Every structure is written in C-alpha cells, then in structure tokens.
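Please look through the sequence and the structure below before reading on. The report that follows takes up a strand and its neighbours, and then turns to contacts between charged side chains.

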Amino acid sequence: MNVEQISTGVTGLDRVLAGGYVAHSPTLIVGPPGCGKTLFLLQFLASGAHQGQRVVCATCSEAPERLVSYMRALNHPVDQWLTDGLLTFVDLRPIHSEMVAGPYNLDVVKVRVDAALAVEGTVPADARLCIDDLNRLAYAFDASGVAYETTLSLLKLLRDTRATTLIAMGDDDQRRITPVDYAVDAIIELNQTVENRLMTRTLRISKMRGVGHGTNMYPFLIDGSGPRLIPITGLDGVYRSRQGMVRTGHDGLDRLLGGGVYRGGAVMITGTSGTGKSTLLGLLSVGLCTEGMTGIYLSYEQDQSELRHDLDGVGIDVGSLIDDNKLDIRLIRSVDYGLEEHLIRITRTLIDEKPDFLIIDAVTALMDLGATLSVKGMLVRLIDFCKAQGTTIILTELLTDAALSGSTLGLSSLLDTWIRVELHRQSGEYVRLIRVLKGRGARTSSQLKEFHITSEGIVIEDPYLGAGTFVFGTEKLVREQQEAFEYGELRLQMAHLKRQLTHVPIAFDARVAQTEMERDEAMERVRADIAHLERRIAGMASHADQIRRIRGGHGQ
C-alpha cells in the first residue's frame with residue numbers, strides 16, 4: 001500500500017514507523033503518567049512549525065502557558081511561531097463551575113479546532129493537530145469519563161478536517177475508551193518499567209494501518225532536546241566496509257595483530273583482573289589518535305584523572321591527547337541507568353559527536369543490571385550500530401578464574417579482533433602473557449608472547465623455548481642467563497680449538513724439521529761409518545798386497 005506519511009520530529013521514530021505518522025489520519029499515543037506523551041505531541045508540532053506548516057495544540061489538561069514553557073525548554077522558537085501565527089493553542093480544559101447547561105457541545109469543539117487550523121478559511125493539507133489528552137476531553141462530554149459515542153464522533157470529524165492528528169490518552173483500564181482503538185489508524189503505546197530501582201521508558205507500535213512498521217519494543221530517552229529513540233533492534237544488518245588498518249603505535253603489538261586494527265572494526269580485550277587490559281587500552285588510544293583519529297573512552301571503573309595518573313606512571317601519555325581534544329575520557333557508573341538507557345546514551349553520543357573510535361572499559365560492569373543474555377543482547381546491538389556507523393569499537397571484558405578458558409558474553413562471532421591477556425603462574429611468580437585469538441582478514445601471529453608493563457610503556461617479548469617447553473618470567477631469565485653462560489663457554493672452547501688449529505701445523509712442522517735434521521745427522525753418521533769401513537778395508541787390502549809381494553820376492 002502507498003500510504004502518505006509525515007515526519008514525527010522524534011529522533012529514530014520515523015525509522016520505526018517506516019516513514020512517520022500516517023498523514024491526514026488520527027494517531028493515538030497511549031501511556032501512563034510520566035511516560036512522555038505530551039513531549040511526543042510537542043515535538044510533532046515543532047517539526048511542522050520548523051517547516052512553516054500550520055500547527056495547533058488543543059490542550060485539555062495543562063494550561064497553554066505551561067506547554068509554551070515546555071517548548072522553550074526544548075529550545076524551540078515557540079514565541080516566534082506564536083507571533084507568526086504558525087502555532088496556535090486551543091484551550092479545551094473543562095471548567096465544571098462554568099458548565100451550567102450540561103456537557104460540552106461537540107460542534108463547539110469542532111468549530112474551535114477548525115478555526116485554529118484554518119488559513120484564510122481553509123485547512124492546509126499539511127496542517128498538524130495535537131490533542132492532549134483524550135481522557136480529560138471525555139470528561140467534558142460525560143462526567144463518568146466514558147463517552148464512547150461522542151468521542152468516536154469527534155474522531156470522525158477530525159478525520160474529515162484532513163489534518164494529521166496526534167492524540168494523547170492515558171492508559172487507565174478504568175477510563176480507557178476501548179472503541180477508540182478501532183477508530184484510529186495507528187496506536188503507539190508508551191510505557192515505563194522499573195527494574196533494580198532503574199527506570200526504562202519503552203515504545204511499541206501496536207497498530208498502524210497500511211505501513212510495515214517495526215514490531216519490537218523500543219527503548220527511548222527523554223533529555224534536554226526531547227524524546228530520542230534509537231531503533232537499533234531494527235537495524236538492517238548493513239555494515240560499512242572496514243577501511244584498512246590503523247597502526248597501534250607499538251611495533252610488537254602490530255606484529256601480533258598482523259599490522260594493526262581495522263577502521264570500523266570491533267575489538268575485544270579479555271582477561272582476568274590485573275592482566276593489563278586498561279593499560280593496553282591506553283596504548284591503543286595513543287596509537288589511534290597519533291594516526292589522526294579521535295575517540296571517546298567510556299570507563300565504568302575510573303575517572304579521567306585516575307586514568308591519566310595510572311597511564312602516566314607506565315609511560316603512556318594521554319594527557320596531551322585530552323588537551324588537544326583528540327581523546328575524551330568519561331566516567332559512567334553502570335548503576336546510574338538501565339541497560340537500554342545506557343545503550344541509547346552511547347548511541348546518541350556516537351550520532352552527535354561522531355568519534356572515529358569508541359572504547360568501553362569494561363562491559364562486564366553492565367552485568368549488575370541484568371542477566372548475561374540481556375547484557376549480550378545490548379552489546380550485540382551496540383556493536384551492530386558502531387559497524388553501521390563505521391566507528392571502531394574496542395571493548396574489554398573482565399573474566400573470572402572460572403571463565404578463564406573463554407568469554408562469558410560470547411561475542412566472538414561479532415568481533416574482528418580478539419586479544420587475550422592472562423596471568424601465568426610459574427616457579428612462584430605470575431607473568432603476563434598476550435595472544436591474538438582471532439583476527440579477521442589479518443595475518444595475525446599465532447605465538448604466545450610475554451609482555452611487561454614498565455615505567456616506559458609496554459614491552460612485548462618472545463618466551464624462552466627450550467626442551468619442548470615455554471618458560472616465562474624469572475625462570476626465563478635464569479634459563480637465558482644459563483644459556484648465555486653455556487654459550488660463552490662454548491665460544492671459549494671454540495676459540496681454544498681454533499688456536500690449537502693454528503698451533504698444530506707449527507708444532508708438526510717443527511717436529512718435521514727436527515726429524516729431518518736428525519735424519520740428516522743419522523745419514524751423515526752412517527756415511528762416516530761407511531767411509532771409515534771403506535778406509536779400513538782399503539788399508540787391509542793394501543797390507544795384504546804388501547805381504548804377498550814380500551813373500552814373493554824371497555821366493556824368486
């Protein structure tokens with residue numbers, strides 16, 4: 001069906017109504033006292049007046065002067081509208097002391113409303129009318145407050161004016177005019193509930209002819225600018241694409257994360273108490289702001305001065321970022337609001353201030369406000385909203401020892417990056433460890449690293465790996481010192497062997513020279529002996545010859 005609709009003037013309500021109130025038809029706003037019915041009416045009138053449309057408020061309960069003061073409080077130029085004739089109040093409050101001839105005449109009411117709506121005798125097509133409220137008007141028609149026939153006739157006359165009409169009605173079972181539910185085209189129910197001493201206002205569309213409206217129960221907030229409704233339960237699941245990575249400003253952490261964190265992504269840091277989650281958040285804040293981003297840090301635990309002091313003590317300077325309006329640290333107490341109001345206030349902040357990143361430390365503080373499933377539902381909608389806005393969201397979750405193996409909230413399917421920090425007990429001491437459990441689209445490190453919080457920031461180191469085991473902390477230092485000593489000893493042995501390697505040829509060369517000398521001497525002695533024997537042999541031969549000659553001479 002092609003139904004003409006008109007903007008409501010209430011932030012977020014147009015989306016729930018798939019465009020706004022049904023034009024030229026009456027819409028009923030029902031709710032108990034204090035739920036904001038009158039403010040919805042005034043915002044509808046103000047929206048029309050801002051567009052130069054004719055708007056009329058028929059008040060049956062409060063004085064027009066009070067309604068004017070409400071509009072001033074909402075920062076609307078109501079006095080100018082009254083002067084220009086855009087806004088008119090019709091006082092329909094029944095004054096019983098003056099009703100001497102019976103109840104109100106329906107025709108009189110119709111004439112007064114038509115006169116207020118008309119411009120040069122004709123009701124404009126875009127005219128807007130509000131009646132506050134129908135219960136009091138019913139009393140004017142019938143002292144019992146149950147004027148079925150007259151009220152239905154009035155609704156028919158209002159429909160004939162072609163003005164888009166908003167009617168407030170108190171939700172009291174004893175006074176509610178039930179046939180009205182069938183006579184109007186749309187019914188919006190407002191309600192307020194109190195749980196754990198915290199109030200939450202909600203809105204539900206129980207009827208809207210010809211329009212595919214939202215069917216959930218939507219929380220809304222009333223602040224200085226009127227009602228605000230963030231229909232995040234009706235998000236269509238369309239996220240902005242993550243726009244590349246942003247460096248964290250720490251080389252070791254960037255290597256773990258595969259380059260940094262994604263713009264518009266969702267990051268979760270989980271760990272038990274004392275593991276350094278808030279310190280990591282401070283490091284990320286500085287890194288992202290250094291890359292040109294602006295952010296809001298919502299802390300459920302510490303105020304700005306405490307965080308600045310603690311981070312300064314570990315060499316992380318967030319003070320300059322705060323002074324330069326790049327980072328805003330705000331303390332929020334979880335018990336100040338209900339879950340839904342927390343959600344609305346955060347999303348309103350993102351819409352109004354448009355930060356590049358949002359940090360929440362720690363989301364487990366919200367567990368005081370409801371069951372785990374309720375908190376998870378709230379956070380799922382918040383992450384959805386941030387991704388739709390293109391805002392990087394960084395959360396911390398405090399784990400108990402019993403939940404050390406995994407997250408209590410079970411948000412991993414929505415996370416782009418999941419960092420786990422933990423305390424590891426070894427040889428009588430605890431050491432901090434860090435690892436990346438998940439990193440969509442990034443070549444994250446699968447290694448378990450040790451990190452230290454020092455006066456100069458965070459230091460991320462590799463553990464000692466030896467004999468098939470990981471060793472951390474003091475034992476790591478002992479092993480490293482022992483290994484260094486053994487390494488030194490081996491180097492000394494190596495140097496000694498190298499010196500020996502150079503000395504061995506020299507020693508053997510000397511021995512060879514000595515051997516050669518001894519050989520030569522031995523050979524000389526042998527030669528001398530040979531020569532001596534040769535001389536003796538020659539001498540003996542000569543002597544024998546002489547003897548033969550002597551004997552021979554006597555014989556001749």
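## A covered strand and its salt bridges

Strand β14, which spans residues 266-271, is mostly covered, since six of its six residues are buried; buried here means under 20% relative accessible area, while exposed means over 50% and partly exposed lies in between, with a 1.4 Å probe and protein chains only. The model is a predicted one, in which local features need pLDDT of at least 70 and side-chain atom pairs count only at pLDDT 80 or more, whereas totals for chains, interfaces and linings use all residues. Residues are numbered from 1 along each chain as its sequence is written, and side-chain values use heavy atoms, with hydrogens and water left out. Helices (H or I, at least four residues) and strands (E, at least two) are DSSP runs, numbered from the N terminus.

Both faces of β14 are covered: Ala 266, Met 268 and Thr 270 are buried on one side, and Val 267, Ile 269 and Gly 271 are buried on the other. Two strands pair if DSSP finds at least two bridges between them. With strand β18 (residues 392-398), β14 pairs in the parallel sense over six bridges, and with strand β19 (residues 417-426) it runs parallel and is joined by four bridges. Met 268 has a bridge partner in each of these strands, namely Leu 395 in β18 and Trp 418 in β19.

The structure also holds 21 salt bridges, a salt bridge being a side-chain nitrogen of Lys or Arg within 4 Å of a carboxyl oxygen of Asp or Glu. Three of them are listed here.

| Salt bridge | Closest N and O atoms |
|---|---|
| Glu 353 and Arg 330 | 2.6 Å |
| Glu 340 and Arg 381 | 2.8 Å |
| Lys 387 and Asp 416 | 3.4 Å |

What does the pair of Glu 353 and Arg 330 tie together? Glu 353 lies in helix α13 (residues 339-353) and Arg 330 in strand β16 (residues 327-331), so the pair ties together parts that are 23 residues apart in sequence. Glu 353 counts as partly exposed because its relative accessibility is 42%, and Arg 330, at 22%, also counts as partly exposed.

Glu 340 lies in helix α13 and its partner Arg 381 in helix α14 (residues 372-389), so this pair ties together parts that are 41 residues apart in sequence. Arg 381 counts as buried, at 14% relative accessibility.

Lys 387 in helix α14 and Asp 416 in the loop between β18 and β19 link distant parts of the chain, 29 residues apart. Lys 387 counts as buried at 7% relative accessibility, and Asp 416 counts as buried at 4%. Elsewhere, salt bridges that share partners join Asp 223, Arg 228, Arg 348 and Asp 352 into one network.
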